[in-house]
Amino acid sequence: MRKLLLVLIVALSGPPTAVAGPGAARILYSSDWSGQTQIFAVDPFGRRPLAQLTFQRVPPCNPGSWAITCGLIDPLPAPDGRHIAYRSSGIGSTTLWVADADGRNAHIVATDLAFTDPVPGLPAAVWSLDSRRLRYTGADGTHVVRIDGSSVPNARGPWQKSRRTLRGYQESIFSPDRSRLAFADERGIGITNLRTGRTRVVAKESGFDLDWSADGKTLAYISGYLHFGTSQTGDLRVVSASGKVRTVVSSTSRYGGQITSLAWIRPPARARYRAARPVDGLYARGEVARLAADGTRVAFASCDNVYTWTAPASRPSLVDGNPLGATLCFPPTDRYQVYDLAVSGDVVAYARSYGGLTPAVELKLSPASSPAPVVAARGSTVLGGHMHGVGTLAGADGLLVFTAWDGRTAGAGAGAPPGAAIVTNQVVYRADGAACPCPVISSSPALEVPLDVEGRRIVVSHVFWNGGTWASRSASIGILDSTGTELLSLPVDTNAAQLSGSDLVVAVPGRLLDYDATNGSLRRSWPLPNAGVGRDCLFWSAPDCSGPYQLDSPAVALQDVARGLAAYTYEGRLHVLRLGDGVDTVVGYASEARFTSSGLVYADGARIHLLGDGY
């Protein structure tokens with residue numbers, strides 16, 4: 001009886017008292033609050049300022065099947081608390097890092113992790129019990145490295161034993177002394193005392209990434225869930241065995257955002273955490289998948305929701321929520337996604353795909369005067385190919401156009417990219433007002449993609465398949481008026497072109513070409529990085545975009561042109577090139593950018609930044 005009483009006292013006791021001075025326990029967590037996902041440290045009792053451990057950037061990445069903004073995730077403290085390991089997220093960015101407990105002296109120890117589609121919550125590596133080595137699985141088998149990254153010939157332990165189990169949507173983790181099992185399932189967050197068999201639900205909500213404090217008295221978790229292909233993340237919380245729940249970091253407060261992984265750590269007394277870096281701009285709660293602007297009005301899509309924002313007003317307005325739930329999030333390249341977006345005056349137009357093996361696609365118009373969005377066109381497609389699509393969208397200055405097309409998969413060989421299609425019929429529509437049917441301004445057996453609208457003119461790219469095969473393609477660009485009448489045609493093979501006044505700016509591999517939009521004469525030519533060039537687009541919008549998971553997206557993407565400036569992205573950075581003299585300035589990290597009437601707006605992960613005139 002005495003033993004049972006002691007067990008119950010341990011199992012039901014509340015959270016521990018805070019430890020004064022350096023070395024007190026903290027919770028490490030990953031969040032996209034600053035744009036890219038970074039790792040922060042928080043005192044669970046609020047006695048010390050919130051800190052930031054990671055500041056480094058990871059290359060542009062594809063999130064794969066997880067709705068996580070690219071960055072650094074899954075902190076893994078060493079048994080002695082002196083170091084942490086963590087990894088980068090996303091396909092093509094599978095690196096393993098080690099740093100001191102406070103994030104200093106960060107360095108890469110492995111770049112060949114076998115995680116091609118990493119599962120948050122599962123460790124990227126395992127620490128040895130002496131905290132001197134890490135074991136991880138690479139593409140060619142198991143490897144062991146020291147803290148400095150040097151290789152160890154054999155993989156002998158002893159190694160830390162995992163206390164965590166993931167089975168489908170259920171998760172469980174043993175307490176440090178293995179006397180209790182915490183779990184998350186359809187009932188909520190619960191704790192089972194393995195000595196008595198007693199189970200108690202301590203938090204009646206969904207949660208994930210459970211982790212016990214070192215003394216086994218407090219359980220940390222993230223409310224919501226993070227599943228394959230979808231997420232609904234919430235606050236970082238702690239709960240005692242008696243069921244006392246406290247929010248440590250709110251997802252809607254500073255340095256909250258999309259919280260995706262956590263771990264307890266008791267660092268050494270010498271650890272000195274750095275203050276979290278201040279951030280500016282607008283937090284979009286999830287990676288910004290699409291961005292558009294006209295005048296001062298900005299539209300963006302994140303987590304399958306469409307918003308408008310009058311820059312630099314502080315609060316965006318929801319135009320249309322994810323049909324499966326406004327708080328859900330899907331990967332930006334998933335079969336559920338907002339794949340194209342445009343703004344023209346008071347009308348926001350967007351195209352959305354709906355999942356399945358034969359995804360449906362739908363284009364909607366949302367005028368500011370209308371109480372609800374209006375469906376303008378529908379289509380259907382096949383995973384990895386195209387049948388009847390809708391998109392692409394382009395609009396500005398009161399003119400809005402979109403396309404519908406029929407096609408077939410191009411098949412393998414002859415240089416066709418994955419998922420490419422050959423268009424057999426293309427129609428370009430003009431959206432007048434709030435509803436369709438909309439007038440047809442162009443129809444042809446070629447692919448005709450509206451790339452930009454400016455001053456009641458439309459710049460389009462044309463692709464013809466004269467022999468019906470991918471190898472037979474020929475291409476050009478042209479300018480149409482609002483009725484579809486061709487004003488200019490140039491024999492240039494590109495899908496990256498923008499209009500601004502008398503400038504028709506075209507990107508081709510290695511060069512940025514500035515043509516006179518009235519007569520087609522070449523005014524200037526400036527160097528670009530010697531890499532693949534394309535337009536800023538997502539799969540489903542047209543066959544000239546990349547495959548379903550954007551693994552072959554262009555390295556150089558022409559974003560926008562205005563006021564004698566051209567904005568393009570290269571290797572995750574935003575460049576602004578001055579057309580008059582070719583001066584090329586790196587503005588910062590960005591995935592998309594658009595000029596507004598008052599400056600330049602650009603997206604970096606889950607944040608949107610605005611630079612006023614004078615940048």
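Reply: This is a predicted model. Start with Cys-438, which is buried, with a relative accessible area of 10%.

Me: Is Cys-436 buried or partly exposed?

Reply: Cys-436 counts as partly exposed because its relative accessibility is 23%, and the cut-off for buried is under 20%. A disulfide joins Cys-436 to Cys-438, with an S to S distance of 1.8 Å. The link is left-handed, at -70 degrees about the S-S bond.

Me: How many disulfides are there by this rule?

Reply: The count is two. Cys-303 is joined to Cys-329, S to S 1.9 Å, in a left-handed link with -75 degrees about the S-S bond.

Me: Which parts does the pair of Cys-303 and Cys-329 tie together?

Reply: Cys-303 sits in the loop between β25 (297-302) and β26 (305-310), and Cys-329 in the loop between β27 (317-320) and β28 (337-344), so the tied parts are 26 residues apart in sequence. Cys-303 is buried at 9% relative accessibility, and Cys-329 is buried at 5%.

Me: Now the cores. What is the general idea, and which residues touch the most other members of the largest nonpolar core?

Reply: In soluble globular proteins, nonpolar side chains tend to be buried together. Here the largest nonpolar core has 24 residues, and Leu-490, Val-492, Leu-504, Val-506 and Tyr-515 touch the most other members. Elements giving two or more residues to this core include β34 (421-430), β39 (486-490) and β41 (503-508).

Me: What is Val-506 in contact with, leaving aside neighbours within four places in sequence?

Reply: Its contacts include Ile-477, Val-492, Leu-513 and Tyr-515. A second, separate core of 23 residues has Phe-40, Phe-208, Ile-222 and Val-249 among its members.

Note on methods
Residues numbered from 1 in each chain as written. Predicted model: local features only at pLDDT ≥ 70, side-chain atom pairs only at ≥ 80, totals over all residues. Heavy atoms only, no water. Core = buried A, V, L, I, M, F, W, Y, C linked by side-chain atoms within 4.5 Å. Buried < 20%, exposed > 50% of the residue type's maximum accessible area, 1.4 Å probe, protein only. Helix = DSSP H or I, 4+ residues; strand = E, 2+ residues; numbered from the N terminus. Contact = heavy atoms within 4.5 Å. Disulfide = S-S within 2.5 Å.
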